[in-house]
Amino acid sequence: MNPKADKPVSRTRLWSYRLVAAAIPLVVIGLVEGGLRLGGYGYETGFWVRDPAGRGLVSNERFSWRYLGPVLARAPVETLLAAPKPAGTVRVVVLGESAARGIPDPMGAWGPGRILEVMLSKTRPGTRFDVVNAAVTAVNSHAMLDAARDAVAIAPDVFVVYAGNNEVVGPFGPGSVFQGGAAPARLLVRASVALRSLRLGQLADDLARRLATAGEPGRWGGMGMFVGRNVAFDDPRMERVYASFRENLRGVCDAARDAGAAVVLVTVATSLADGGPFASGHRPGLDADATARFDAAVEAGRLAADRGDNDDALARFASAEAIDPSHADLQYRIGRLLLRSGRKDEAARRFVLARDLDALRFRADSRLNGIVREVAAERAGDRVSLADAAAVFDPLAAVPGSGLLWEHVHLTFDGKYLLARTILGPLDEALPANVRAVPRGGLPSIEECGEALAHTLPDRFKGASDMAEMTAAPPFDRRSDHAEQRAALLGQVEKLAAARTPVAMAEALDAYARAIRGRPDDWILRANRVLLPPTPGDAPEVEAHARFLIANAPFAAPWHLALADALGRQGRFAEAEAAAREGLRLDPGVKDGHIHLALVLESAGRTAEAVEAYRAATRADPGSAQAWNDLGASLASSGDRAAGIDALNEAIRLAPGMAEAWFNLGRALEADRRPAEARRALRQALDVAPWNVRAALALADHARREGRPSEALDLCARAAGAGSDPGAHSALARALTEVGQPGLGLRALRRARDLAPPDSPVEQERRRHNGLVARIEEASSREREAVASAPSDPGAHARLAAALEAAGRHGEASASWRDAIRGGGGIEPRLRLAALAATSPDPAAYDPGAALVWAEEAAALAGAPAPGGVSDVLATALAAAGRVEEAAEAADRAYLAALAGRGPAEDIGWRADLFRRGEAYRLPAVAP
């Protein structure tokens, strides 16, 4: 026997063995982690990383990868901050989601934080303020907590927290598309996030993502990705959401206390009366019979509301509510009726209930805002205060058309100003004592804030049009009031159409110049100036701004790409290509560099290389609709129409609300001689973006070729009214001439001439058209002489009336048509006078009541069956008089008569569709 083998191991040695055994995996993990880092694998996870040029800290574009994954992640606003913080500087860090970031503004350019910075600078002069936009689209409080902890590196003085909308749909939420919609306990969330901060955890996450066959989507698809991710108000997982939100807010307050910073917690403003629920669910256990009775009561209430019988509608809805009070859209409908009846307080309660019951939970509900108030109260001793924005906005939001929100949560400039003003009070109290000791200045007005930040008319137009395109797609189209809300938003876009005129662009450029002079170090101002639509001769100025941005942030690819665009527009293609390739080198994994390089190559006539660059963009980001659209347009224009059409269809699959892709598809289908499909695609482009001039003009060409001159005129008028395109006004002139209005056409051509370069074809066309109108004027002079010599001849009066109408002198033409009728003229003068009185843009000629009288007299004289032209004019007069249902019936009769060979069938059919939509037919008003 071996005596040593029988000797027991001491407890000390035993624990030593155990510690060594436990340490071995940790050593292995450490070695693997170190090897991955040395090999360059993985990414930095902190919100702030070192500036490669050594001047401070920059925001980490990969910060949200841990929460959203590399494909779906949204980057923070690109920001460079001096480190250490300069003496005398106060830093305010804004935390939150897309509403806090400032969507739809690029880079949060006119976000609430930017407006706060202007307010602070004006009210506390002599102090430099850095208001840092650390809000990130699509994240929630799980990521916000880490952003707050990371902010210690930038020496914050105050945190402003505006969050709560993404707690259910954001990372780790029960309604999320991220992590497959799992909703783990907060402890597991923190462990998962911590693991992903290690390269080993990132490797495991990457391998899991590669092996997964289901779960997360493979591309960012906006809010439409969340359709079907419904979470009921009483879902047990909601308690976990509320608990996590509370603890994360407390964590932010702890991080601020440890950094010596104050906190302003802000409740969230959401749409109430201006936006119905995205999804509604029934209470559990509702059987098929009860559901049928509920649906019948709601439909009866809807019909009663449509005919204006509020009392009956409310009674019907009350019957439905007795069956299921938890249906979100029912509560919203009741709120709308109560508001219509003047019962605002009751209506507001219903709107809040509708929001809280909404099963597609994109809006902070009452409990989430309640938690913000609770945490602010319990941490008041830690320099935590409350800005109750929800209380300020809710009474205003109960009035439709308040203009504070674009849709469900994103604020207009007016809304952002109100939010910033609401935050300013508690924020001012949280400033360092030496700053508050300085006498306060006056609060800047919304106009002063807009001027300081260069919030111009073209910028407002772009924001409105971007939101209009976004809200045309799911899930917005599932709201019961979608048509009404979309019409209101399109109305805002239409009001801003003047942004596309040369005058508005000139004013915008002046506004940017003034703002940059006032804030010469403000890189966002210069970046926004670079992003404005190009104007003739401005490329050198854009180049100068791009070079300034590069000098301050040479590591940022977007500024090299902006420089490439400016150089390309000046024909300096070699320099442009070098700048684009530098942008690609700095950020090879994104599509933008490839797209900008392709644009330069296309401009230089190197089409084949451009196509390859576009293909590289689709490989870099297969989920980018823009990349597929650009590739498709390039392929189609270079002759490979089949491949181009396939690429454009892929763009539309990825982004159904992308008007540009629909337009390009329409053009490609036209070139492929598929007119019916082309027309459908172009119509879709115009439906998504009614201000799209090119789509309107392309459809007008279709209508003209297919014998629908009135429809062509309507489309050309829309195109001309949407902006300052001289081609649109020229097309309008042609369309007016084709419907017998060359005088109005000359006015349109004069407008086109004012907008076009001096030696353009528009000027030549105007000269020719001017000659035509001169001949008409000469003819009208001859007809006046004929009338003078034979004043009782109805034919002379009719010829004079026709000449005056053709010259655009509708008031005089109406008088002559009346003289022709008094002289014994029959059907024709009455029809012409009725048509003029029903459609003329001239107030001296427009008279819907008289139009109907003359049209009915003409119909009586024509007898039955009336020719198509007679019924068509009668229909037009009925519609002008507001009798659109009768108008549609008369137009249908005219269409049938025309099909039998008694009139222009296609144009009459188009007008019948117009009347069925409740619209009248008018000639466009054209300025003289």
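These points concern a pocket, the cysteines and one leucine of a predicted model.

1. The second largest pocket of this predicted model has a volume of about 990 Å³. Its lining comprises 30 residues, of which Glu494, Pro690, Asp714, Arg718 and Glu919 are the closest to its centre.

2. As to where the lining of the second largest pocket comes from, at least two residues each are supplied by α20 (482-495), α31 (675-688), α33 (709-721) and α43 (905-916), and the largest share, eight residues, belongs to α33.

3. What is the make-up of the lining of the second largest pocket by class? The lining has 17 nonpolar residues, alongside ten charged and three polar ones, and Glu494, Asp714, Arg718 and Glu919, which are listed among the residues closest to the centre of the pocket, count as charged because Asp, Glu and Arg belong to that class.

4. On the cysteines, the structure holds zero disulfides. Cys449 is buried, since its relative accessible area of 0% falls under the 20% cut-off, and Cys716, at 1% relative accessibility, likewise counts as buried.

5. Leu746 has its place in helix α35, which covers residues 742-755. With a relative accessible area of 4%, Leu746 is buried, because that value lies under the 20% that marks the limit for buried residues. Along the chain, Leu746 and Leu736 are ten residues apart, and their C-alpha atoms are separated by 9.0 Å.

Key: Residues numbered from 1 in each chain as written. Predicted model: local features only at pLDDT ≥ 70, side-chain atom pairs only at ≥ 80, totals over all residues. Heavy atoms only, no water. 1 Å grid on protein atoms, 1.4 Å probe; cavity = no way out; pocket = protein on both sides within 12 Å on 5 of 7 lines; lining within 4 Å. Points joined across faces, edges and corners; volume = space filled by probe spheres on them. Helix = DSSP H or I, 4+ residues; strand = E, 2+ residues; numbered from the N terminus. Disulfide = S-S within 2.5 Å. Buried < 20%, exposed > 50% of the residue type's maximum accessible area, 1.4 Å probe, protein only.
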